[in-house]
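Hi,

Here is the model I promised to pass on.

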Amino acid sequence: MTQTPTGDSIAPAARTRAAEDIAVTEATKPKVVDDGNLVNRSGRGKKILVYTLLVIFALIYIYPFIVQVVTSFKTNGDAVANPLALVPDPITTAAFERLAQTEYPRWFTNSVVVTLLVTAGRVFLVSLAGYALARLTFRGRNAVFTGILAVLAVPGVVLLIPRFLVLNYLGMYNTYPALFVPLLVDAAGVFIMKQFFESIPVSVEEAARIDGAGTFRTFWSVVLPMARPALITITILSFQGSWNELPHFIIAADDPDLFTLTRGVGQLTSGGLGSGNQFPISMAAALLMTIPTALVFVVFQRYFTQGANAGAEKG
């Protein structure tokens, strides 16, 4: 009769195999951990290198602005002797007080008025044009859109002389309307709005028409509110573009009462305040000029990328 192995005879063999398995596992485990640490260290090293480079490039980009801010609080002698020093010696607001005694407040007012008119008019008009090109069917629609794309390819400086001739012929030269009327429509704005409107489902408008809404009512009450990211993008671009505009203002008027900040500050930097470098006054003027556009961008920046990408995705 065959004898069945007992538990005592099996146990030593099982224990031997288990011990061998544990030994193999322990032998391989340190290597896996070391490899993981090497990978983690390599990944951390790359991150540190990337962030270090980003910080360096950010400092290179921000440093001139910091110098501008600091210089505006320097005396003229300190600015000339230590132009790159980041600590004014002494700290003074004389540059800002001197600006207040010049035509700077008038230039600032002109810039604010022109910029608000251009921004409001451009947002409304390019929205209308974009909606017409995206939704309305009429003869020559594709030709009009092709013409708009062609305008985008033409450098703005090429159009300055024809624009001057038109303003002079219409009797608008040296008038307030000459500063903002030619800037009310922008080809890039029409393109962005058209592409965004095309991404909105047509079924939304059909439902509004069934309820009795006309074309303009559908555009104003239904479609336009849905285009808020694109509208904010146009608002930012229009505000910054018209606030920083210079070539058009040069050919639109030569009356000092119609000067905007860009033209007035240009006078300051070219010696409009008399002899000497006048670095603090120039930097103070440029600093005050930068604040409005920076505030607009900071307030609306989260919508800017959405609106800018909307047209690109469709296009």
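Below is what came out of the calculations, starting with the overall fold and ending with the pocket.

First, the ground rules. This is a predicted model, so to speak of local features needs pLDDT of at least 70, side-chain atom pairs count only at pLDDT 80 or more, and totals for chains, interfaces and linings use all residues. Numbering runs from 1 along each chain as its sequence is written, and side-chain values use heavy atoms, with hydrogens and water left out.

The chain has 14 helices and 0 strands (DSSP runs: H or I of at least four residues for helices, E of at least two for strands, numbered from the N terminus). Of its 315 residues, 33% are buried, meaning under 20% relative accessible area with a 1.4 Å probe, protein chains only. Among contacts (heavy atoms within 4.5 Å) with a separation of 6 or more, 74% join residues 24 or more positions apart.

Now the largest pocket, about 480 Å³ in volume. A pocket here is an open set of points on a 1 Å grid over the protein atoms alone, where a 1.4 Å probe fits, with protein on both sides within 12 Å along at least five of seven lines; lining residues have an atom within 4 Å of a point. The volume is the space filled by probe spheres set on the points, which are joined across faces, edges and corners.

Its lining has 21 residues, with L159, R163, V185, D186 and A187 nearest the centre. Two or more residues each come from α5 (141-152), α6 (160-169), α11 (228-243) and α12 (247-252), and α5 gives the largest share, 3 residues.

Cheers

Technical notes:
Buried means under 20% relative accessible area, exposed over 50%, partly exposed in between (1.4 Å probe, protein chains only).
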